[in-house]
Amino acid sequence: LHVISDAKVNLGTVSEILVTGASDVLVIRRESGPEVLIPFADVFIKDIDQNRHEITVHVIPGMLAEVS
């Protein structure tokens, strides 16, 4: 599945789902930069479009920290 932000920025693709017991976590593989971890919770997951194979997520400050 492709992942985009609610600002329509392409974030990458889901490479894995971590089952933590409390809340699952999506591991997003980006084209460049480190992987992004997004909790599978209503506050972050805004839409799952099965027809487009796309998940829209809400990104908070620091979630997409780049490596210097």
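Here are some friendly notes on this predicted model, point by point.

1. **Ground rules.** The model is predicted, so local features need pLDDT of at least 70 and side-chain atom pairs count only at pLDDT 80 or more, while totals for chains, interfaces and linings use all residues. Residues are numbered from 1 along each chain as its sequence is written, and side-chain values use heavy atoms, with hydrogens and water left out.

2. **Overall fold.** The protein chain has six strands and zero helices, and its elements run β-β-β-β-β-β from the N terminus on. Both kinds of element are DSSP runs numbered from the N terminus: helices are H or I with at least four residues, strands E with at least two. The radius of gyration is 11 Å, close to the 11 Å of the globule rule for 68 residues, so the chain is as compact as a globular protein of that length. That radius is taken over C-alpha atoms, and the rule is 2.2 Å times the number of residues to the power 0.38. Along the principal axes, the C-alpha atoms fill a box of roughly 35 × 30 × 20 Å.

3. **Surface and burial.** Buried residues make up 28% of the 68, where buried means under 20% relative accessible area, exposed over 50%, and partly exposed in between (1.4 Å probe, protein chains only).

4. **The core.** The largest nonpolar core has 11 residues in all, among them Val 3, Leu 11, Leu 26, Phe 44 and Met 63. Such a core is a set of buried Ala, Val, Leu, Ile, Met, Phe, Trp, Tyr and Cys residues joined through side-chain atoms within 4.5 Å. Strand E3 (25–29), strand E4 (36–39) and E6 each give two or more residues to this core. Leaving aside neighbours within four places in sequence, Leu 26 is in contact (heavy atoms within 4.5 Å) with residues including Val 14, Ile 17, Val 36, Ile 38, Ile 45 and Ile 55.

5. **Links along the chain.** Of the contacts between residues at least 6 apart in sequence, 30% join residues at least 24 apart. Ser 5, in strand E1, is buried at a relative accessible area of 5%. Beyond its neighbours within four places in sequence, Ser 5 is in contact with Leu 11, Thr 56, Val 57 and Val 59.

6. **Two backbone angles to look at.** Most residues other than glycine have a negative phi. Lys 8, not a glycine, has a positive phi of about 70 degrees; Lys 8 lies in the loop between strand E1 (2–5) and strand E2 (10–18) and is exposed, with a relative accessible area of 63%. His 53 also is not a glycine and has a positive phi of about 55 degrees. His 53 sits in the loop between strand E5 (45–49) and strand E6 (54–57) and is partly exposed, at 49%.

7. The C-alpha atoms of His 53 and Leu 1 are 5.0 Å apart, though the two residues are 52 apart in sequence.
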